[in-house]
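Please walk me through this structure. Begin with the whole, then go to single places.

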Amino acid sequence: MPKSQFVDPAKVRAAGSISFPEIPLCQYSKSLADERKRYSNEQLIGVYEDMRLIREFESMLHRVKMEGAYEGIEYNHAGPAHLSIGQEAAAVGQALNLTVDDHIFGSHRSHGEILAKGMSAIRKLSDDELLSIMKSFDGGSILKVVEQGHDGSVRDLAIDFLCYGALAEIFARATGFNKGMGGSMHAFFTPFGVYPNNAIVGGSADIATGSALFKKVNRQKGLTIANIGDASMGCGPVWEALSFAAMDQYRELWEESMRGGLPMVFNFFNNFYGMGGQTDGETMGYDVLARVGAGVNPEAMHAERVDGYNPLAVADAMLRKRAIIEEGRGPVLLETITYRISGHSPSDASSYRDKTEIEAWQAADPITEYAESLKDQGLMKAADLKKCEQRIVALMKKALTLAIDDSKSPRLPGEDIAGMMFSNRKVGKLADRPSEINDLSDNPRVKQIAKKTRSAFKDGKPVSKNRMYTYADAIFEAMLHRFKEDPTMVAYGEENRDWGGAFGCYRGLTEALPYHRLFNSPISEGAIVGTAVGYGLEGGRVVAELMYCDFMGRAGDEIFNQLAKWQSMSAGVLEMPVTLRVSVGNKYGAQHSQDWVALCAHMPGLKVAFPATPYDAKGMLNTALVGTDPTIFFESQRLYTIGEEFEAEVPEGYYEIAEGEPALRRKGKDLTIITVGATLYRAMEAAKQLEEQFGLSAEVWDARWLAPLNYEPLVESAKRTGRVVLASDACERGSFLHNMASTITQAAFGQLDAPPVVVGARNWITPGPEMEEDFFPQPSWIVDAIHENLLPLPGYSPVSNQTGAEKLRRARLGV
C-alpha cells in the first residue's frame with residue numbers, strides 16, 4: 001500500500017537545536033605488539049610484504065615512464081600512470097580483513113588497491129580455489145603466460161598472475177585483466193572482489209552505492225567500499241551518492257525483513273591534494289573531511305578519521321565499521337589520511353607544494369616505520385627485509401619482461417573492440433529464485449486493463465479514452481511481466497512509488513511490489529543512473545527513470561562515461577542489464593521539453609529506442625528488459641494516452657520486437673518519409689494531405705530504433721522512391737536525422753532525385769505550449785519541405801520557409 005508519513009507542523013516548527021555525534025580523529029593507539037594477539041606472525045609479515053610489493057610496482061612504473069627502463073629492461077609506455085607511492089599502508093590495511101565477497105571500487109590512482117585486495121584474496125583462498133580462478137578466467141589466457149617455467153607454489157603462481165595481469169592491462173595487452181580495454185585507470189579483477197576503478201574523479205561513489213544496493217536487495221554477502229579521493233568531495237555525484245545511500249526508507253519503509261542501511265563504506269583516501277589543488281586550506285572548506293558525515297544523517301555516518309600511514313589502524317577501523325554495517329546501521333564514512341609522495345602523474349613536478357612538506361612525509365614513510373616495528377618484535381631481521389625486497393624486484397622484472405613481450409602479450413586487433421561494445425544476450429531471469437511479487441488478483445490496474453479495448457478502434461470507430469488501452473498501459477504490462485520473471489529486477493527514480501510514476505505508467509506497481517523492488521529515489525539524477533550502473537554490473541536488472549529528457553544533463557557522466565562504457569572497458573567481463581526510461585516533454589518550456597536522442601545515439605555503447613505506438617512500447621520494452629545491454633528508452637509525453645492505430649491490437653501475451661528494425665507505417669511509391677518519435681503522427685497527416693490534394697503516394701517509416709538501426713529497408717525505400725524527408729521533434733541542428741540522411745545518401749546516391757531533407761524543431765529554446773506550433777514540426781512543414789526541396793507541388797503555397805537558402809540564413813545567425 002502507499003506509504004503514510006505524517007509531517008507534523010507542531011514538531012517541525014518547534015524551537016530547539018541540533019547536537020552532532022563526536023567524530024573520532026586518529027584515535028587508534030595500539031602497538032604491533034598489541035596486535036599480535038589479533039593477528040598471526042604470518043599475517044603481520046604479510047602486511048609488510050604487500051606494502052613493499054605495491055611500492056616496487058609503482059616505482060617500476062615510475063621509472064619506465066620517466067627513464068624508459070627498469071632494472072635494465074627498456075620499454076616506452078605511452079599511457080597514463082597515476083601512482084600511489086606513499087599510500088600503500090592505507091590500501092593494505094583496508095584489504096587485510098576483507099574477503100572476496102567484499103567489493104571495492106576505486107579511482108584513477110588504484111594500482112595499490114588492486115594489488116592489496118588481490119594479495120588479501122590470495123592469502124585467504126585455497127590452492128584449489130586459486131587454480132580454479134586462474135584456469136577459468138578468460139580461458140586461462142593469463143595463466144598460460146605466467147605458468148611457463150614456474151616451479152613454485154600455487155600461491156606464488158597466483159601472485160605472478162596478479163602482478164602480470166595488472167601490468168599487462170596497464171600496457172593495453174590482450175592478456176591483461178580486461179584485455180587492455182581498461183588500462184591503468186580502469187583495471188579491475190572481479191574474482192578477487194576488485195571492481196571497476198574509475199578515471200572520473202568521484203565516479204565510483206554512486207556506482208559503488210548501486211553495488212551495495214544490489215547486495216542488500218538480493219541478500220548477498222559482503223560489503224561494498226567506494227575508494228575515492230578527498231577532492232571528490234567537491235563533486236556533485238558524490239553528494240548524490242551519500243544522499244542515496246543514507247535514505248531513511250531503508251530503515252523506515254522497507255518491509256521488515258529488509259530493514260537496515262546499505263552495506264556501504266565511503267572511504268575517502270585523503271592525500272590532501274586534488275591534482276595541484278590543495279583541499280586542506282585552498283579548494284575545500286571542511287577542515288576535517290570526516291565532519292561531512294554530520295551533514296548526511298543523525299549518526300553522522302559513523303564518520304571517523306583514521307591514520308592511513310599505519311596499516312593496522314586502518315585494518316582496525318575496517319573491522320569496527322564492518323560490525324556497524326552488519327548490525328544494519330550503514331552506510332559509513334571513513335576518512336583515511338595518507339600522502340602521495342609521487343606527483344599526480346609522472347609528468348607532475350609538484351611545483352604546487354614545498355619540498356620540505358614532501359620530505360616530512362617521507363620521513364614518516366609507513367613501510368620503513370612498519371619494518372622497524374617488525375624488527376623490534378623479532379618478526380623480521382634486516383636480512384629478511386633485504387631478501388623480501390630482492391624477491392619482489394625479481395617478481396617485477398618477470399612481470400615487466402612478460403608484459404612487454406609482443407609474442408606472449410599481444411595487443412588486440414582494433415576491430416575486435418567492435419565485438420565488445422555489446423553483450424547482445426537475452427536472459428529472462430538473472431537469478432534462479434522465485435520473484436518477490438504481491439498477489440495480482442485484486443490489483444486495480446490489472447483489473448482495469450483487462451476491461452480495455454486493446455486498439456484505438458473497434459468496428460471501425462474510435463474507442464473512448466477511458467476504455468482504450470494506451471501507451472502507458474503497454475509500459476506497465478512490460479514492466480510487470482519482467483518483475484514477475486526476474487527476481488533481481490528493481491525500478492526507481494523520482495515519484496516511482498505511490499504516485500505511479502511521473503506520468504502514470506507505474507500506477508498499480510505500488511500494490512504489486514514490495515518496497516525494495518520499487519521505490520522513490522532522491523532528486524539525484526546522477527545517482528539514479530550511477531547506482532543503476534553499479535547494480536547492473538553486479539548482475540542485477542534495473543529500470544531507472546529520469547522524469548524528463550532535459551534532466552539527462554544532470555546525469556551526463558553516468559550515462560555517457562559509465563553506463564555506456566563499462567561493458568567494453570571490461571572486455572566483456574561485465575554486462576549492463578540497465579534500461580533507462582526517459583520521457584521527452586512538451587508544454588513545459590525550455591528546460592522540460594527537449595529531445596536529446598542525438599546525444600545518446602552518438603555515444604558508443606548505448607542502445608537507443610524510441611517507440612511511437614503502444615504495440616511498439618510494449619514489445620520494445622520487453623526486448624530491452626530481457627537484454628543485457630544498456631538501453632536508453634525514450635518515450636514522448638505526447639503519446640502516453642494514445643491507442644494502437646497501426647496493429648490490429650496490442651497482444652495480451654508476451655512478445656518482443658527485434659532490435660534495430662524500423663517499421664513501415666504506410667506504403668507508398670513517390671517519396672519516403674522517415675520519422676523518429678511522436679512526429680510519426682504528423683507525418684501520417686502530411687502523407688494523407690499529399691495523397692488527397694496532389695495524388696502523391698508517400699511511404700512512411702518509423703525508425704523506432706536509433707542504435708542499432710538496420711538501414712537496409714530505409715535505403716531500399718529511398719532507392720525506390722528517389723526522394724526522402726526525415727522528421728522529428730529534436731532541434732534541427734545536430735539532429736540524429738542528419739546522420740540518417742548522410743547514411744542513406746551514401747548508400748542510395750545513384751538512385752536519389754535530390755538530397756534527403758531534414759525537418760526538425762527550430763534551433764531555439766522551446767517556448768510555452770501556446771507557441772509550440774511555431775517550434776515543433778507540423779504536417780505543413782513536411783509538405784513545405786517536399787515542395788521546396790524535393791518535388792514542386794502544383795498550386796501549393798508554403799506555410800513555412802523550408803528552403804536551403806533559409807537554412808543557410810539561420811545557420812549564419814546561429815538559430
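Predicted model: local features only at pLDDT ≥ 70, side-chain atom pairs only at ≥ 80, totals over all residues.

Residues are numbered from 1 along each chain as its sequence is written, and side-chain values use heavy atoms, with hydrogens and water left out.

The protein has 29 helices and 24 strands. Both are DSSP runs, numbered from the N terminus: helices are H or I with at least four residues, strands are E with at least two. The radius of gyration of the protein is 30 Å, close to the 28 Å of the globule rule for 815 residues, so the protein is as compact as a globular protein of that length. That radius is taken over C-alpha atoms, and the rule is 2.2 Å times the number of residues to the power 0.38. Along the principal axes, the C-alpha atoms fill a box of roughly 100 × 70 × 50 Å.

Of the 815 residues, 61% count as buried. Buried means under 20% relative accessible area, exposed over 50%, and partly exposed in between, with a 1.4 Å probe and protein chains only.

Now take Ser409. This residue lies in the loop between helix 16 (382-403) and helix 17 (444-450). Why does Ser409 count as buried? Its relative accessibility is 0%, so Ser409 falls in the buried class. Not counting residues up to four places away in sequence, Ser409 touches Tyr164, Arg173, Thr175, Leu402 and Ala403. With Tyr164 there is also a side-chain polar contact of 2.5 Å. A polar contact is a pair of N or O atoms within 3.5 Å; within protein, one must be able to donate a hydrogen and the other to accept it, and residues adjacent in sequence count only if both atoms are side-chain atoms.

Leu253 sits in another loop, between helix 11 (249-252) and strand 6 (264-270). At 21% relative accessibility, Leu253 is partly exposed. Leu253 and Tyr515 are 262 residues apart in sequence, yet 7.2 Å apart in space, C-alpha to C-alpha.

Gly722 follows helix 26, with a positive phi near 80°.

Technical notes
Contact = heavy atoms within 4.5 Å.
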